[in-house]
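Student: I have a model open and want to talk through its side chains. Can you take my questions one at a time?
Tutor: Go ahead.

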Amino acid sequence: MMLNNDKKIWLSSPHMGGSELKYIQQAFDENWIAPLGPNVHGFEQDLEDFLQSDCHVAVLSSGTAALHLALIMMGVEKGDYVVCQSLTFSASANPIIYTGAIPLFVDSERETWNLCPVAVEEAIEFGISQGKKPKAIIAVSLYGMPYKVEEIRAISKKYDIPIIEDSAESLGSAYKDQKCGTFGDMAVISFNGNKIITTSGGGALITKDIAFKKKAVFLSTQAKDDAPHYEHTHIGYNYRMSNVCAGIGRGQMEVLEDRIAKRRANHRFYVDIFSELPEIEVHTEPHSDYFSNHWLTAICLKPNSKVSTETIRMNFLEQNIETRPIWKPMHLQPVFRDLPYFGGKVAQELFEQGLCLPSGSNLTEEDRAEIGKVIHKLFQIS
């Protein structure tokens, strides 16, 4: 395949702000290279100040680690059921398996592409019929789009099942002016290299109960009891974020609002360019209650589209521009295909008809011009 553009345009690459080095240098100068240190506590405070809602944050080695600890602290054990969105990245489901529990995968609804409330109730009723009411609901805000917060909260209260909010992709998104990551009984954020801000790797657990934060920190540092020797009464994990990585996070927090604005500007660029193509739908907020950081802008092809998502992907690839299919639903994955699934085919259809487009906050005007050329040529827009 001939690549006609020497520069690669990535789907979502890291974007440093410049001040990260200040915090990293401080860690070196003060010899805070060990897992704990001022940057860890400072990064947690920065996140708490941003999220508000009287929440408490524990920064960890990954969003996956945060989700694993959340499940443990909610008492999820071997053989338990956990309701989980199917249209998501595997990291939303894998920690359920770590605990020995069983995911009950559920379909999406069309407006937000997140948990279908009807399917969630079907999954819960199935669990109850088996004598095992699910221990938790994992609610994902996919690609930065908040899930149907009020509907899922009502189901949570009806059945007395806690919500773990998977906000790995939605730092800075909001519903009715309240930040994502503050709706669930616990929540997780990811700072992986492709996220809206990054610590290289890394994640955070968010809770409104300080006791849960303290327990998360305890478990994430190998569950060392308070004793002069190494005493252990619980199984622990090496999940705490390092002081150096937290320094990157502190610098990234200084540019978070700018990164959100840039991603949303990319989304507006795609809305504008596809407005001439009724067969293409750009995934956007259902109404003004929703505010998405548009971590990734995704499109969905309607049945009357004259091209396929694969054709679009390959045309971009020929110009050295990265795009990627929508997440393949978990219930269609070989590793999970024998597990229970509830709902219809919305998630499957979104996977088959959807495509994620370059959305990084470091996209330049030149990058967008190259993207526009591909779209105009492919769809023969004048």
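Student: Quick one to start: is arginine 259 buried or exposed?
Tutor: Arginine 259 is buried, with a relative accessible area of 4%. Buried means under 20% relative accessible area, exposed means over 50%, and partly exposed is in between (1.4 Å probe, protein chains only). Two notes on the source. This is a predicted model, with residues numbered from 1 along each chain as its sequence is written, and local features need pLDDT of at least 70, side-chain atom pairs count only at pLDDT 80 or more, and totals for chains, interfaces and linings use all residues. Side-chain values use heavy atoms, with hydrogens and water left out.

Student: Which residue forms a salt bridge with arginine 259?
Tutor: Aspartate 258 does, and the closest N and O atoms are 2.7 Å apart. A salt bridge here is a side-chain nitrogen of Lys or Arg within 4 Å of a carboxyl oxygen of Asp or Glu. Aspartate 258 is partly exposed, at 33% relative accessibility.

Student: Why would side chains pair like that?
Tutor: Side chains of opposite charge can pair when their charged atoms come close.

Student: How many salt bridges does the structure hold?
Tutor: It holds 19 salt bridges. One of them joins lysine 7 to aspartate 367, with the closest N and O atoms 2.8 Å apart. That pair links distant parts of the chain, 360 residues apart. Lysine 7 is in the segment before α1 (20-29), and aspartate 367 is in helix α12 (residues 365-379). Helices (H or I, at least four residues) and strands (E, at least two) are DSSP runs, numbered from the N terminus.

Student: Buried or exposed, what is aspartate 367?
Tutor: Aspartate 367 is buried, with a relative accessible area of 6%. Lysine 7 is partly exposed, at 44%.

Student: What about glutamate 279 and lysine 306?
Tutor: Their side chains meet in a salt bridge, at 3.1 Å from N to O. Again the pair links distant parts of the chain, here 27 residues apart. Glutamate 279 is in the loop between α9 (256-274) and β10 (280-282). Lysine 306 is in the loop between β12 (297-301) and α10 (309-318). Glutamate 279 counts as buried at 7% relative accessibility, whereas lysine 306 counts as exposed at 57%.

Student: Which residues do salt bridges with shared partners join into one network?
Tutor: Glu44, Glu48, Lys213 and Arg240.

Student: Lys213, then. What does threonine 207 contact?
Tutor: Leaving aside neighbours within four places in sequence, threonine 207 is in contact with Cys55, His56, Asp185, Met186, Phe212 and Lys213. Contact means heavy atoms within 4.5 Å. Threonine 207 is in strand β9 (residues 203-207). Threonine 207 is buried, at 2% relative accessible area.

Student: And where does the backbone nitrogen of aspartate 209 lie?
Tutor: It lies 3.1 Å from a polar atom of the side chain of threonine 207.

Student: New topic, rings. How many aromatic pairs are there?
Tutor: The structure holds 13. Rings of Phe, Tyr and Trp (its six-membered ring) pair if their centres lie within 6.5 Å; planes under 30 degrees apart count as stacked, over 60 as edge-to-face and the rest as tilted. Take phenylalanine 43 and phenylalanine 191: their ring centres are 5.1 Å apart and their planes are at 50°, so the pair is tilted. Phenylalanine 43 is in helix α2 (residues 38-51), and phenylalanine 191 is in the loop between β8 (186-190) and β9, 148 residues apart. Both are buried.

Student: Which residues do ring pairs link into a cluster?
Tutor: Phe89, Tyr143, Trp295 and Trp327.

Student: What does isoleucine 196 touch?
Tutor: Setting aside neighbours within four places in sequence, its contacts include Trp295, Arg259 and Leu256. Isoleucine 196 is in the loop between β8 and β9. Isoleucine 196 counts as buried at 7% relative accessibility.

Student: Last one. In what order do the strands of the open sheet run?
Tutor: The order is β7-β6-β11, three strands with antiparallel pairing. Two strands pair if DSSP finds at least two bridges between them. The edge strands are β7 (178-179) and β11 (290-291), and each pairs on one side only. Two bridges join β6 (residues 174-175) to β7. Within that pairing, alanine 174 has lysine 179 in β7 as its bridge partner.

Key:
Polar contact = N/O pair within 3.5 Å; in protein donor to acceptor, adjacent residues only side chain to side chain.
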